[in-house]
Amino acid sequence: MADGHPATGGEPDGPPARPRRRGQGQLEAQVLSALGQSPGPATAAWVQERLGGGLAYTTVVTILTRLRVKGAVTRERAGRSFVWTPAADVAGLAAFRMRRVLESETDRHAVLASFVSALGPDDERLLRALLAEEDPDGPEDTPDGGPGHGPRTEGGKD
Amino acid sequence: MGVFVLLPLVLPLTAWPMARLAAVHLAPRRATRLLTAVAVVLAVSSTLCLALLMVVGTAQLPGNPLPDAWSDPAVRAAVPFEDVAGRAAIPALLAVAWACAHALWCHHRLRRRATRALAGVPGRARLALLPDELPYAYALPGRPGRIVVSSGLLTRLDIRERRALIAHERAHLTGHHHRYLLAVQLAARAHPFLRPLRTTVSFTTERWADEDAARAVGDRRAVARAIGKAALAGQGRTSPAVTLPALAAPGPVPRRVAALLGPVPADRRWPPPASAAGLAAWAAAAGTAVSALSAVNAAVTLLLVLKAATAL
């Protein structure tokens, strides 16, 4: 994660249209969405051109490499260089990063008000009883939690 | 100042009955505000007294940076047990300072990292929907605050429950619940006796958001179902989070669901004086007032004694 990144330091101030120095997360999102606009696998030079001025070629390659570590892009060799393909969209990348934040912070419950907290030993039985009482059909949720029945529903849903 | 300086160190105990009963007998919004205020006053008082004890205690250590007159016999006479209490206050105060600084630092780091994780995610109405099978939903405070929901949670809810979930998280943001949570977190770090208040406030903020959501969507049962389903969906997955030790009473989630399936709680200003909750509320109020007065009294006394001794 903490690889040498010339990304933030080597970036010039840019035109006045860009009010503040872009954060690392913002930059990754921009590169990823630029790559997503490509009809097929794209080279780093194509991404750089697509993003417009302000970003050095090495910066783009660094960010693409970082995205690859996060599983957001894949690459394959084409001749002497690599071509890159997006494997996730911006929301997918954010999900990856969010997951890592949630897993690394031990005391997050003191900060982020979680929708539900962990259930105690008897809570599950009690909760099912309450829901069954309320709704005779019962919760359609399976006891094992049914992993993996989530086709990726992407943004734009409300 | 006599033994008064030690009172604020034990008076947080008077808030315990209140911490147990407020969640049931007061409307969530009032319970949150009252308990947070009580916790903050008690924490500030006890920390102030620790600092006063430390001033006198440190004055006796050789090589301390304080003026010599601070270890004047008159000053020592003003503080009881200055030998033991003064020396014990130094590590205690350091521990409090470190714990509070650490809590603040963690709070800001988590907010910063979570905000950075969401960078570039488009979202209407501040909602960031993340494709993740792990069911979770968070209100991320900030300017503007954002609501983070995983698709794993959303696919398990029907349309009414989804609306309830979003309304719940929005209530967290508009009510600035993170400020109450941070305040009681810091208070609990300042004095371990205040931990039950933190537990209660983290429960009452959820109840507060539940009630606001129920009002917003006009359907208490939808909110209850959303909470129940979300909790059951999260079962069976190992959560790395610190969980509360299992209590004999039902956990917070079933209590929230049960409260939502019941009637709207009465928004009374203060529990009836003859009830257990009323007694607990008065005990907490009295304890808080005495604690604050003792701390102020001790501070003023010490100031006067020092002024007389050192001719400031």
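Two residues are in contact if their C-beta atoms, placed from the backbone, lie within 7 Å. In chain A, 49% of the contacts between residues at least 6 apart in sequence join residues at least 24 apart. The structure is a predicted model, with an ipTM of 0.73 and a pTM of 0.78.

**Confidence**

- The average pLDDT of chain B is 84, and 84% of the residues there score at least 70.
- Residues 237–248 of chain B keep a pLDDT under 50. For this stretch the model has 14 contacts beyond four places in sequence.
- Where pLDDT is low, predicted coordinates should not be read in detail.

**Chain A**

- Chain A contains five helices and three strands. Along the sequence their order is α-α-α-β-β-α-β-α.
- Of the 158 residues in chain A, 35% are buried.
- Strand β1 (residues 73–78) of chain A pairs with strand β2 (residues 81–86) of chain A in the antiparallel sense, over six bridges. One of the residues involved is A:Arg75, whose bridge partner in β2(A) is A:Trp84.
- β1(A) and β2(A) form a hairpin with two residues between the strands. In this hairpin A:Gly79 has a positive phi near 70°.

**Nonpolar cores**

- The largest nonpolar core has 77 residues. The members that touch the most others are A:Val31, A:Ala94, A:Met98, B:Val148 and B:Val223.
- Helix α10 (residues 220–234) of chain B supplies the largest share of this core, nine residues.
- Another core, of 49 residues, lies apart from the largest one. Its members include B:Leu53, B:Ala187, B:Ala281 and B:Leu306.
- Beyond its neighbours within four places in sequence, A:Met98 is in contact with B:Ala114, B:Ala117, B:Leu118, B:Leu130 and B:Val148.
- In soluble globular proteins, nonpolar side chains tend to be buried together.

- Strand β2 (residues 137–140) of chain B is covered on both faces. B:Ala137 and B:Ala139 are buried on one side, and B:Tyr138 and B:Leu140 are buried on the other.
- In a regular strand, side chains alternate between the two faces of the sheet.
- β2(B) pairs in the antiparallel sense with strand β3 (residues 146–150) of chain B, over four bridges. In β3(B), B:Val149 is the bridge partner of B:Ala137.
- Five residues lie between β2(B) and β3(B) in their hairpin. B:Gly142, in the turn, has a positive phi of about 160°.

**Helices of chain B**

- Helix α7 (residues 159–174) of chain B has 16 residues and, at 1.5 Å a residue, should span 22 Å. The C-alpha atoms at its ends are 22 Å apart, which agrees.
- In α7(B), 13 of the 16 residues are buried, so this helix is largely enclosed by the rest of the structure.
- After α7(B) comes B:His176, with a positive phi near 50°.
- B:Trp16 belongs to helix α2 (residues 16–25) of chain B. B:Trp16 has 19 other C-beta atoms within 10 Å, and a buried residue needs 20 or more, so B:Trp16 counts as partly exposed.
- B:Trp16 and B:Ala284 are 268 residues apart along the chain, and their C-alpha atoms are separated by 7.8 Å.

Terms used. Residues numbered from 1 in each chain as written. Chains lettered and ligands numbered in written order. Predicted model: local features only at pLDDT ≥ 70, side-chain atom pairs only at ≥ 80, totals over all residues. Buried ≥ 20, exposed ≤ 12 C-beta atoms within 10 Å, placed from the backbone. Pairing = 2+ DSSP bridges. Core = buried A, V, L, I, M, F, W, Y, C linked by C-beta atoms within 7 Å. pLDDT = per-residue confidence, 0-100. Expected span 1.5 Å × (residues − 1).
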